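Hi everyone, thanks for coming. Let me put the structure up on the screen, and then I'll walk you through a few parts of it.

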Amino acid sequence: MSNENELNELLAAFIDDELTEEQRRRLAEIVQYDADARARFLEHCRMHAALAWEHGVLGNLSFSTAPEANAENVVEVSFRNRIGRPLAIAAGIALVIGLVWQAALPSVRRNAWLTGPAVGTVERSAGGKLSAEDLAVSLVAGDALRTGDYLLEGGLINLRFENGVEVVVEAPARFRVESSERFVLHSGRLSANVPPAGKGFTVQTPDADVIDHGTEFGVEVTKGVGSEIHVFQGEVEVKSRTMKAETLRLFTDQATRVDEVDGSPAGITVAPDRFLRSFDEPSASYAKRIQQLDPVMYFRMAPSSDGLTLTDHSGNGLHAQIHPGTAGQPLFGRGRLGSAFKIRGARTRSHAVVSDYPKTTNSQLTVMAWVRATSRPRWASIAKNWGEGELGQFHFGLLDHTGELEIRIRGPKRGGSRVQDSEPFPIGVWQHVAFVADGTTLRLYRNGREVGSTTHRPIGPPTIKALALGAKPIGNHPRYPGAPSDFWHGRIDEFALFNHALDGSTIRELYETEKPVRVADRR
């Protein structure tokens with residue numbers, strides 16, 4: 001015990017009730033983190049309690065008795081004093097210990113955590129509200145990651161461990177970091193990318209141990225359901241924590257659910273789109289081609305550091321502001337290429353707005369995106385420069401309650417043109433959507449194929465400046481006050497707008513560049 005002299009001084013001051021506030025904190029720190037000091041402290045307390053029992057602790061303090069007290073009464077008082085004094089001092093010591101612990105422990109634990117060894121870093125954050133649980137310590141990108149319990153109450157975080165393992169965690173989540181090799185997920189969702197140096201990395205859930213064998217995988221823990229494990233690439237080993245069963249091995253594009261009640265595994269369909277696996281957008285041929293075509297704005301949908309911005313990659317600086325509404329979960333998810341803007345419909349009223357942008361002046365306009373619908377809300381919006389009671393340039397989304405893909409553009413006044421697809425928009429499948437107005441003809445495309453066309457009149461200047469993604473924006477017309485409406489339910493990725501007309505072969509080329517690959521084709 002290196003601090004023996006200091007401990008002796010503190011124990012003496014403790015018994016004499018002369019500890020300062022700083023000395024109380026220091027004593028609590030020493031006895032918490034030094035087993036020998038803790039044993040010495042308890043032995044010191046026991047010794048003084050025994051001395052008090054044997055010899056009394058009140059010195060020469062006299063106890064008066066009433067004149068009429070008889071010998072029996074005097075004996076009784078003496079006996080009670082003999083017992084009561086040591087019990088009182090022991091209780092007092094216990095009380096002081098408790099008060100010292102209560103006052104000093106949070107600070108001691110926090111300081112110990114802050115000075116403890118790091119096992120990784122908080123590499124990136126997208127509006128992540130991460131804290132070391134019960135320590136009143138908030139963490140941001142660049143902070144050291146130490147062993148302990150954590151709470152993620154909002155946004156997304158990207159953790160990087162010393163062995164190169166990267167973990168993306170989505171709020172809400174509770175987890176514990178035990179080392180760079182072991183991660184305990186109590187609740188929530190994560191994806192892990194494990195390089196060769198991190199082989200053996202383990203994610204423990206209440207239901208299973210997930211052991212990596214050089215892979216990329218996702219884990220989700222849902223109360224009342226159990227734990228799901230999805231393998232995107234490579235191999236993992238799954239061991240039930242509550243059921244004696246053979247170890248389950250999962251390979252690329254396989255998934256299982258381990259039941260919360262009996263711990264039994266059940267095969268399920270792999271769901272790679274459910275897990276955001278990286279904060280970085282891939283260097284895709286699609287993105288390079290879009291930028292070559294001179295867009296007015298282009299959103300790749302990479303998670304921003306504040307979690308509330310869609311960054312414009314056109315070079316024009318027309319960034320969109322996300323309005324999260326009541327969404328309690330991150331607004332970025334797995335996209336067609338990298339990540340996507342995730343919108344949950346009218347339930348949360350999430351959407352994004354570009355307050356103003358250059359409008360077409362030559363009646364030529366092209367808009368395209370990769371989108372996926374979770375459902376088909378009435379008039380669901382992909383993108384709209386269109387306000388209630390106001391002139392806009394286009395209205396791109398789904399038709400009323402029937403749900404076909406539709407484009408409407410307005411003319412110089414209130415008239416306009418529209419084209420719709422012949423079938424309801426597919427659910428749960430990524431679709432490449434686009435429309436082109438070339439000055440005379442309006443064409444609608446889905447998955448590189450023209451699904452309808454009509455003639456159109458010149459596109460006039462709008463009275464509404466804003467463009468909304470995932471909703472119809474608020475207009476400024478005095479007769480139509482209110483809020484955004486017509487919310488999308490699903491995801492939007494790789495949104496681009498051009499103030500010129502792209503031809504059909506270019507639309508087809510872009511779709512073919514990144515057309516979806518079936519799960520079976522990846523094996």
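What share of the residues of the protein count as buried? Of its 523 residues, 49% do, where buried means under 20% relative accessible area, exposed means over 50%, and partly exposed lies in between, with a 1.4 Å probe and protein chains only.

A quick word on what you are looking at. This is a predicted model, in which local features need pLDDT of at least 70, side-chain atom pairs count only at pLDDT 80 or more, and totals for chains, interfaces and linings use all residues. Residues are numbered from 1 along each chain as its sequence is written, and side-chain values use heavy atoms, with hydrogens and water left out.

The protein has 7 helices and 32 strands; these are DSSP runs numbered from the N terminus, helices being H or I with at least four residues and strands E with at least two. Take the contacts, meaning heavy atoms within 4.5 Å, between residues at least 6 apart in sequence: 59% of them join residues at least 24 apart.

Let's go to helix α5, residues 285-292. Tyr286, Ala287 and Ile290 are buried there. Down the axis of α5, the buried residues fall within an arc of 95 degrees, so they line one face of the helix; that arc is taken from the directions from the helix axis to the C-beta atoms. In general, an α-helix has 3.6 residues a turn, so residues three or four places apart point the same way. The buried residues of α5 pack against several elements, including β23 (364-373), β32 (489-498) and α6 (504-513). Just after α5, aspartate 294 takes a positive phi of about 60 degrees.

Next, strand β24, residues 381-387, where 7 of 7 residues are buried. What does β24 pair with over 5 bridges? Its partner there is strand β25 (residues 390-398), in the antiparallel sense; strands pair if DSSP finds at least two bridges between them. Serine 381 has glycine 397 in β25 as its bridge partner. The hairpin of β24 and β25 has 2 residues between the strands, and glycine 389 takes a positive phi near 75 degrees in this hairpin. β24 is also joined by 2 bridges to strand β31 (residues 467-469), running antiparallel, with lysine 384 opposite alanine 468 in β31.

Last stop: histidine 351, in strand β22 (residues 351-354). Is histidine 351 buried or exposed? Histidine 351 is buried, with a relative accessible area of 6%. Among the residues that histidine 351 touches are His323, Phe341, Leu469 and Phe487.
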